Amino acid sequence: MSKLRILRMRSEDQIGVLLKLGNKGRLSTSTYGDKLLYIYTSGTTGINKAAIIRHSKCLFAGAATQYFSRLGDSEVIYNPLPMYHAAGGLIFVSVIFIFGGSMIIRKTFSTSNYWKEAAKHKATVGQYIGEICRYLLNQPVREAEQQHCIKLMFGNGLRSHIWKEFQERFRIKNIIEFYGATEGNANLLNIVGKVGAVGFLPRVCDRLYPVSLFKVDPDSREVLRNDKGLCIRCKTGEPGELIGKIINNPINSFDGYVNQNETNKKIIRNCFEKGDMAFLSGDILVMDEEGYIFFVDRAGESFRWRGENVSTYEVENIVSTALGHVSCVAYGVEVQNVEGRAGMVAIQVDPKNVDFYELYQNVSKRLPSYAIPLFLRFSKQMEETGTYKLKKVTYQKEGFNPEEVHDELLFLDAKQKTYIPLNKELYSGIVTGNLRKRLRNIADNVDRKAQNLYLNHTQATPNAKYVDYEDEETDCSSEYLKSRYLSQDLKDVVDGVICRNSSFAHPENILQ
């Protein structure tokens with residue numbers, strides 16, 4: 001049986017259907033605000049929830065997509081996405097039903113057939129979601145990828161580090177990246193092809209479209225409030241949670257889930273103004289000076305380490321690029337008696353094909369020291385949702401115990417600038433805390449040295465006392481060149497201090 005279905009509908013077809021329904025008296029049974037269907041969320045960070053979709057939302061989705069995509073009358077949509085989620089079963093399907101057009105529907109996504117089928121059926125618009133673009137980019141060059149007629153790719157999940165390469169290799173004229181939750185009212189569009197942006201939010205539209213970024217406590221993840229009890233808007237360049245004010249209209253309404261308790265969890269009160277209600281997206285984004293919005297992380301996925309926020313989204317981009325666009329997920333794991341969560345990345349690649357020294361060099365040049373993963377896990381198969389998004393909940397729960405995790409595990413040896421096998425003995429040394437107290441003292445000593453060097457160098461305090469630590473265990477590992485007190489131009493000054501001690505070689509030196 002063929003895995004392709006073709007859906008074609010002209011505007012006159014819709015009129016005919018409506019006339020037939022009207023003659024049978026069936027149009028009066030449904031209204032604009034009635035429930036149309038339930039669509040389950042993708043379940044990226046937990047269980048799937050049934051979201052309520054009304055007729056009004058379906059009509060608005062189709063009209064907005066048609067208008068902002070500037071689609072013509074003879075477009076052919078190539079849709080390889082699952083129809084039981086909004087991206088595949090609602091967005092362009094509603095366009096076809098409302099405005100007419102043709103759609104090529106594929107039962108399951110296929111990397112090897114994507115461009116071949118798009119070329120065969122003369123598709124002009126292609127849909128993507130999640131990791132699809134990266135999957136296509138990882139395929140060997142095929143003749144069909146230069147023969148297709150696709151002029152527009154529409155979807156969400158195209159990461160900034162592969163955006164240009166994807167667009168140039170497959171000759172895509174326009175890319176429209178959108179952001180939005182199935183059930184949400186805070187939806188964004190990047191219609192101009194701004195690399196990496198998920199949308200554009202000019203402040204002049206605040207009254208028409210009250211969606212904004214609000215400050216979040218980095219530890220509790222709770223939205224912060226001012227002395228008036230209202231939520232605090234983020235400034236340009238300041239990450240925050242995207243929140244949409246709930247208003248009873250097709251654009252700003254929030255119908256929630258079938259489960260009312262789950263619905264209540266997504267609502268915040270007294271946000272924009274006293275007495276209002278707003279939808280919590282659960283995502284952290286940031287706006288640049290021009291008004292473009294960029295995805296930072298899921299509110300529950302970023303984690304704190306060494307007093308800093310670590311974006312799993314950023315870590316995933318860097319590690320995936322370093323290893324040739326492989327599948328990977330980043331997350332934080334708890335280490336016994338250590339504050340915060342240590343960074344860990346699960347990667348779908350054969351570790352025999354990885355140069356770990358080179359991997360560390362690539363990652364350390366592009367990530368701040370606190371965001372460099374301490375643990376690596378190599379999995380033969382990565383768990384993903386029905387919308388081709390990689391899941392990380394299971395990995396996070398399993399942690400880094402080599403006796404419980406059957407995949408190959410590695411740990412960062414910052415002294416050797418590489419990753420080494422995580423065996424039972426090393427794991428025991430990490431979690432018992434026997435070594436960690438000494439290591440914390442060493443870390444504190446190094447940080448104080450760096451601070452004194454900085455103060456003396458800048459002459460901010462000319463008489464500052466220089467504390468010289470002669471303890472034989474005190475080694476200023478090169479990792480501490482990235483101390484928060486140390487500017488880049490002082491590395492040469494600190495090199496002399498570092499070279500004086502060389503005993504601090506144990507890989508647990510980063511567990512400060």
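Author: Begin with a term. A cavity is a set of grid points where a 1.4 Å probe fits but cannot get out, and its lining residues have an atom within 4 Å of a point. This model is predicted.

Reader: How many cavities of 30 Å³ or more does a search of the whole structure find?

Author: The search finds 3 of them. The volume of the largest cavity is about 90 Å³.

Reader: Which residues lie nearest the centre of the largest cavity?

Author: Its lining has 16 residues, and those nearest the centre are Glu-131, Arg-134, Arg-159, His-161 and Ser-320.

Reader: Which helices each supply at least two residues of that lining?

Author: They are helix 5 (132–137), helix 6 (160–169) and helix 8 (312–322). Helix 8 gives the largest share, 3 residues.

Reader: How should I read the spacing of residues along a helix?

Author: An α-helix has 3.6 residues a turn, so residues three or four places apart point the same way.

Reader: What backbone feature comes just after helix 8?

Author: Gly-324 has a positive phi there, about 85°.

Reader: Now the nonpolar side. Which residues have the most contacts inside the largest nonpolar core?

Author: The largest one here has 75 residues, and Phe-375 and Phe-400 have the most contacts inside it. Domain 1 (1–182) and domain 3 (301–443) each contribute at least three residues to this core. A second, separate core has 16 residues, among them Ala-186, Leu-188, Cys-234 and Met-287.

Reader: What is Phe-375 in contact with, leaving aside its neighbours within four places in sequence?

Author: Its partners include Val-333, Val-335, Met-344, Phe-400, Leu-410 and Ile-430.

Reader: And what of the chain as a whole?

Author: The chain has 512 residues, and 50% of them count as buried. It contains 13 helices and 22 strands. Among contacts with a separation of 6 or more, 68% join residues 24 or more positions apart.

Technical notes. Residues are numbered from 1 along each chain as its sequence is written. This is a predicted model: local features need pLDDT of at least 70, side-chain atom pairs count only at pLDDT 80 or more; totals for chains, interfaces and linings use all residues. Side-chain values use heavy atoms; hydrogens and water are left out. Helices (H or I, at least four residues) and strands (E, at least two) are DSSP runs, numbered from the N terminus. Buried means under 20% relative accessible area, exposed over 50%, partly exposed in between (1.4 Å probe, protein chains only). Contact means heavy atoms within 4.5 Å. A nonpolar core is a set of buried Ala, Val, Leu, Ile, Met, Phe, Trp, Tyr and Cys residues joined through side-chain atoms within 4.5 Å. Domain bounds come from an automatic or database domain assignment. On a 1 Å grid over the protein atoms alone, a cavity is a set of points where a 1.4 Å probe fits but cannot get out, and a pocket is an open set with protein on both sides within 12 Å along at least five of seven lines; lining residues have an atom within 4 Å of a point. Grid points are joined across faces, edges and corners, and a volume is the space filled by probe spheres set on the points.
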